[in-house]
Amino acid sequence: ITLWDFQQQAVRQTLQGHNGHLWSISFTPDGQRLASSAEDQTIRLWLVKTGQCLRVLQGYNNRIRAMAISSTGLLACATNDQITLRNLVVEHSVTQLKQHTGEVYSVAFTPDGNWLASGGNDGIVKIWDVNTAHCLQSFRAHRGRIFKVLFHPTQPLLISAGSDGTTRIWDIATFRCLHTLTGHAGWIFSAAFSHDGRYLATGSDGEIKLWDRSEEHTSELQS
């Protein structure tokens with residue numbers, strides 16, 4: 001793992017310890033720690049300032065394909081069709097979520113940390129209440145696999161993207177699809193909002209598209 005200093009445009013830390021491919025990395029809300037998951041079936045927590053490995057979380061039975069950290073410090077990670085919620089403050093507080101019928105490829109928290117979205121091989125998006133571990137909603141979002149789910153930083157919107165080459169914008173109050181963004185020729189593996197939520201970037205094979213969310217209808221800016 002390489003940590004970069006954007007202002008200096010230089011490498012700040014190189015973190016080593018995993019064996020095999022790394023699948024996901026996520027900063028804690030305060031930016032002081034970094035979590036990483038890999039093919040070696042472990043999650044490592046790193047101190048950003050020094051590069052020290054603080055903890056190694058074990059006990060997972062397969063590669064950890066997806067991971068996210070909530071604003072309240074809750075860690076969600078996906079192995080196969082199962083999602084594990086772990087409180088990073090309370091050592092042995094672990095909850096299992098299992099309703100998907102295929103491997104889970106992406107998980108994401110709402111900004112307040114109360115809900116978790118998940119999506120994967122079955123093409124289904126599930127919305128979970130992390131406080132009760134109850135599945136609040138489940139719906140088919142794509143004809144194929146879902147590789148990315150994420151919530152808008154300020155509006156009640158959910159993004160899903162997948163192997164059908166589309167990105168879909170959902171109203172999380174009604175779970176109705178508001179917009180379907182097309183234009184990628186291949187599978188969409190990644191997506192991210194700008195800090196203020198105005199811009200959405202989506203990534204496919206060798207291509208990134210930038211979308212403007214400031215208007216009533218999402219429009220493509222460039223690719």
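**Cysteines and a sheet**

Visitor: Cysteine 135: buried or exposed?
Guide: Cysteine 135 counts as buried, at 13% relative accessibility. Buried means under 20% relative accessible area, exposed over 50%, and partly exposed in between (1.4 Å probe, protein chains only).

Visitor: What kind of model is this?
Guide: This is a predicted model: local features need pLDDT of at least 70, and side-chain atom pairs count only at pLDDT 80 or more, while totals for chains, interfaces and linings use all residues. Residues are numbered from 1 along each chain as its sequence is written, and side-chain values use heavy atoms, leaving out hydrogens and water.

Visitor: How many disulfides does the structure hold?
Guide: It holds 0 (a disulfide is a pair of cysteine sulfur atoms within 2.5 Å). For cysteine 77, the nearest cysteine sulfur is that of cysteine 53, 15 Å away. For cysteine 135, it is that of cysteine 77, 18 Å away.

Visitor: And cysteine 77, buried or exposed?
Guide: Cysteine 77 counts as buried, at 1% relative accessibility.

Visitor: New topic. What order do the strands of the open sheet have?
Guide: The 4 strands go E3-E4-E5-E6, with antiparallel pairing. Strands are DSSP runs (E, at least two residues), numbered from the N terminus. Two strands pair if DSSP finds at least two bridges between them.

Visitor: Which strands stand at the edges?
Guide: Strand E3 (22–27) and strand E6 (53–57). Each has a single partner strand, so one side of each lacks a neighbour in the sheet.

Visitor: How many bridges join E4 to E5?
Guide: 5 bridges join strand E4 (residues 33–38) to strand E5 (residues 43–47). Serine 36 has arginine 44 in E5 as its bridge partner.
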